[in-house]
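Grab a pencil and let's work through a few exercises together. Try each task yourself before you read the solution.

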Amino acid sequence: MNQPYYEPSDLEDFPNIGEYAPAAGEKFFDYYNAATSAGKLTEREKSLIALAVATVRHCPYCIDAFTNKCLSLGVDNDEMMEAVHVGAAMVAGDTLAHATQMRKIIKKKEM
Amino acid sequence: MVECNKFDIDGAFAVQLGKCGDYPLKATGIDTLQMNITRRCNLTCKHCHVNAGPDRAEKMSQEILSRCIKAAEHPSIQTIDITGGAPEIHPDIEMLINEMEALGKRILVRSNLVILLEPGYRHLMGLFADKKVELIGSLPDYRSQRSDRQRGNGVHARIMEAMKELNHIGYGVDGTGLILNLMHNPAGAYLPACQFALESEYRRVLHQEQNLFFNELFCLVNCPVGRYLEYLKNSGNFHDYMQTLNKAFNSKTTGFVMCRKTVSVGWDGRLFDCDFNQVENITVNSGSPAHISDFEFDLLSKREIEVRNHCFACTAGAGSSCCGTLIAD
Ligand code: SF4
Ligand code: SF4
């Protein structure tokens, strides 16, 4: 039987990722909760950032979690899509910016 | 191995309550009499848990209304929560409000607000204001797209219009004593975020963009019964939704679920623990007949609540009720 590596139910296992390293796991969750809950930025703003990062990082669990969170927070579909475009533009931008290395080498090596 | 779906088993909620020592769940008094006076409604919302609509004819008879008024004389009952369908459609709503006001009760009317703009119902705004009726207006979202997906095209704009008129006579405006609370419920198979976060967003958009006012926002977790249950099943979301509710179970909410202090009366006079049990046809289990004509306050106020798996909607996260979340987030 074919079993996919990623299963939606794996998301439920997220609270257990501290297994085998509980002390580090606890520190991670403290940090995770502090970083993602409302501070100077609202929960809404942070959830949109998280959604953009999740799509850029191709993490199906985080895309699931933060799409649901954005829906719950009343974020509009077009606002979510705008956030994804920011992520996409950043990826395109940093890809092209790295072409600078290529261009520098070309310019050094070519007669 | 085929995994057993635990939500197919009746009693998962009861088991969960048992784990935290709260089974059986018992009423601790009655401070609210909820009256579902009609199933008729001018709208046919996709999420409607009571399956209301323009074709429904069920309505409370004068005999049942009088029985409710009699029951409401009990001094412990402070709040009369009038709902439907669209309760404004009931021909005796004015009489009911006058009688309950004469008894000195706090009166809540759950309104879709747009009915108040229809010919024949507009005068009710004045009556409500006069009798200091608290309005709970349904507004699933602060933007039209999601509201209209749930309630029908153009409904959001009409709600805005009704709010404007209500604000004009003082509803939702500080210092007038006229309460206009709004009810948010998700337009899909997900849970609402924390009430505080959504309320500030509603306020920002409604106030800054439309100059509209309201008092508080209540968040309601959609209960998997009625038309909403059909939607969950037809869209393939039922299992996920139940799992989400189950995961969000919060034992701190069980002391505050609304059935512990409410009795809900159906249009035909039958008594229920809540509106949701009403839709599921699960009458109260108090030891006396489950009908308003046998309203036994003492027995009802310590009855055992009839819990089912849809109760998970009341205990998710900060908890949910017809008056918003149950505990501070
Ligand atoms: S949700 Fe309310 S407004 Fe919509 S159909 Fe049901 S009773 Fe009517
Ligand atoms: S669904 Fe009704 S009976 Fe169940 S917990 Fe909620 S209010 Fe009580």
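**Exercise 1.** How many residues does the contact take from chain A, and how many from chain B?

First, some ground rules. This is a predicted model, where local features need pLDDT of at least 70 and side-chain atom pairs count only at pLDDT 80 or more, while totals for chains, interfaces and linings use all residues. Residues are numbered from 1 along each chain as its sequence is written, chains are lettered from A and ligands numbered from 1 in the order in which they are written, and side-chain values use heavy atoms, leaving out hydrogens and water.

Step 1: contact means heavy atoms within 4.5 Å. Step 2: on that basis, chain A gives twelve residues and chain B gives 13 residues. Step 3: now the area. Buried area is the accessible area (1.4 Å probe) that two parts lose on being put together, summed over both. Chains A and B bury about 1100 Å² between them, with 42% of it on carbon and sulfur atoms. Glu12(A), Ser72(A) and Asp76(A) supply 41% of the area that chain A buries against chain B, more than any other three residues.

**Exercise 2.** Which residues are linked with Arg44(A) in a network of salt bridges?

Step 1: a salt bridge needs a side-chain nitrogen of Lys or Arg within 4 Å of a carboxyl oxygen of Asp or Glu. Step 2: inside chain A, Arg44(A) meets Glu79(A), 3.1 Å from N to O. Arg44(A) lies in helix 2 and Glu79(A) in helix 4 of chain A, so the pair ties together parts 35 residues apart in sequence. Step 4: put together, the network links Arg44(A), Glu79(A), Glu201(B) and Arg204(B).

**Exercise 3.** Is strand 5 of chain B largely enclosed or open?

Step 1: buried means under 20% relative accessible area, exposed over 50%, and partly exposed in between (1.4 Å probe, protein chains only). Step 2: five of the five residues in strand 5 (residues 180–184) are buried, so this strand is largely enclosed by the rest of the structure. Step 3: check both faces. Leu180(B), Leu182(B) and His184(B) cover one side, Asn181(B) and Met183(B) the other. Step 4: look at the neighbours, remembering that strands pair if DSSP finds at least two bridges between them. Strand 4 joins strand 5 in parallel through four bridges, and strand 6 pairs with strand 5, also parallel, over three bridges.

Key. Helices (H or I, at least four residues) and strands (E, at least two) are DSSP runs, numbered from the N terminus.
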